Amino acid sequence: MRYNPVTAICAITEDSRLNTAQTIDQFLSAIEKRAYRMAVIATSNRDDALEIVQEAMIKLVTRYGNKDAEHWGPLFHRILQSTIRDWYRRSKVRNGLRHFFFGNTDEKENDPMDEFADPAQTEPDQQLKEQQAMQALDAALHNLPLRQQQAFLLRQWEGLDVKQTAAAMDCSTGSVKTHYSRAIAALRNQLEDHWP
Amino acid sequence: MIDDDTEKNFLAHSKSLLDKSIDAIDTDTAAQLRTMRYQALEHKPKTFNWPTPYAAFATTAAVLMLTVSLWLTQPAEVNDARVLEDIPMLTSGEELDFYQDLEFYNWLDDEQING
């Protein structure tokens, strides 16, 4: 079953018979894999991505666990994107120092696609094509500037509107529009010729 | 127009790939995410559950009854005048034994007058 953030949150809010712990468990369960994928695209590192998602989950539960369920979606995205930005800043400093002291080590980073299991339902040829397309999309998204990457994933994948995306990214709606259109242009430029 | 359609197709294809990538997350990672979720839920702040209206009404009624019963069974008022009479006696330096035996001295006094 495909996850739809809007319907999932509405369903959670409507079921008032559940207590808050169950409700927040449902919410996190519905969103955790997508959050992980966003973090993987940003970091290209499985462990860092898991750490980011865990931090975001704990922050949401600790700070907003007693708030109404309808606020959790926007709040979680805001926390997640902010945690990713913090990671990005830290890794930039770390990489700068490493480069300064040890030179360009040209270290091969983990390919996030290595961890993906093969979906059993598809034919091998189609499966291979999809896997390649997914790898290409992941690489293209990873190469985007972080703000463009966030704008694209929140608008296009999560289905947030401009205002909600601006709240999650902690920037103006104008910036969201700019980042989003630039992201689409860059992705189309990189991918369109290679996609079926 | 053609470009709009191309962009729409491109975006739809991207979304579809991203959705499929969720199904492709391996079981170890999914299990780790589940464990992390349970750990996060342990951080949930405790909340105070306000009593239902019936419980609130029952509590208020009980407090009211207690107040009324205490008010009705309170000891009789102390006579302020009698308390004031005792003050010089208590504050004087005389032995308290003298006052305790005062009745005896009064009787003795009466006997001497009559005798």
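Okay, some housekeeping. Residues count from 1 along each chain as its sequence is written, and chains are lettered from A, with ligands numbered from 1, in the order in which they are written. Since the model is predicted, local features need pLDDT of at least 70 and side-chain atom pairs count only at pLDDT 80 or more, while totals for chains, interfaces and linings use all residues.

So, chain A. You'll find eight helices there and zero strands; helices here are DSSP runs of H or I with at least four residues, strands are runs of E with at least two, and both are numbered from the N terminus. Of its 196 residues, 33% are buried. Buried means 20 or more other C-beta atoms within 10 Å of a residue's own; 12 or fewer is exposed, in between is partly exposed, and C-beta atoms are placed from the backbone.

Let's zoom in on H3 of chain A, residues 46-64. Its 19 residues reach 26 Å from first C-alpha to last, close to the expected 27 Å. That expectation is 1.5 Å times one less than the number of residues. What do the buried residues of H3(A) pack against? They pack against helices H2 (20-43) and H4 (72-102) of chain A, plus helix H2 (27-41) of chain B. Among those buried residues are Ile52(A), Met57(A) and Leu60(A).

H4(A) has 31 residues, so it should span 45 Å, and its end C-alpha atoms sit 43 Å apart, which agrees. Its buried residues include Trp72(A), Phe76(A) and Trp87(A).

Now chain B. Its average pLDDT, the predictor's confidence in each residue from 0 to 100, is 81, and 83% of the residues score at least 70.

Finally, the two chains together. The predictor gives the complex an ipTM of 0.75 and a pTM of 0.65. In all, 27 residues of chain B are in contact with 35 of chain A; contact means C-beta atoms, placed from the backbone, within 7 Å. H1(B) brings the largest share of chain B's side, 13 residues.

Definitions and conventions:
Contact = placed C-beta atoms within 7 Å.
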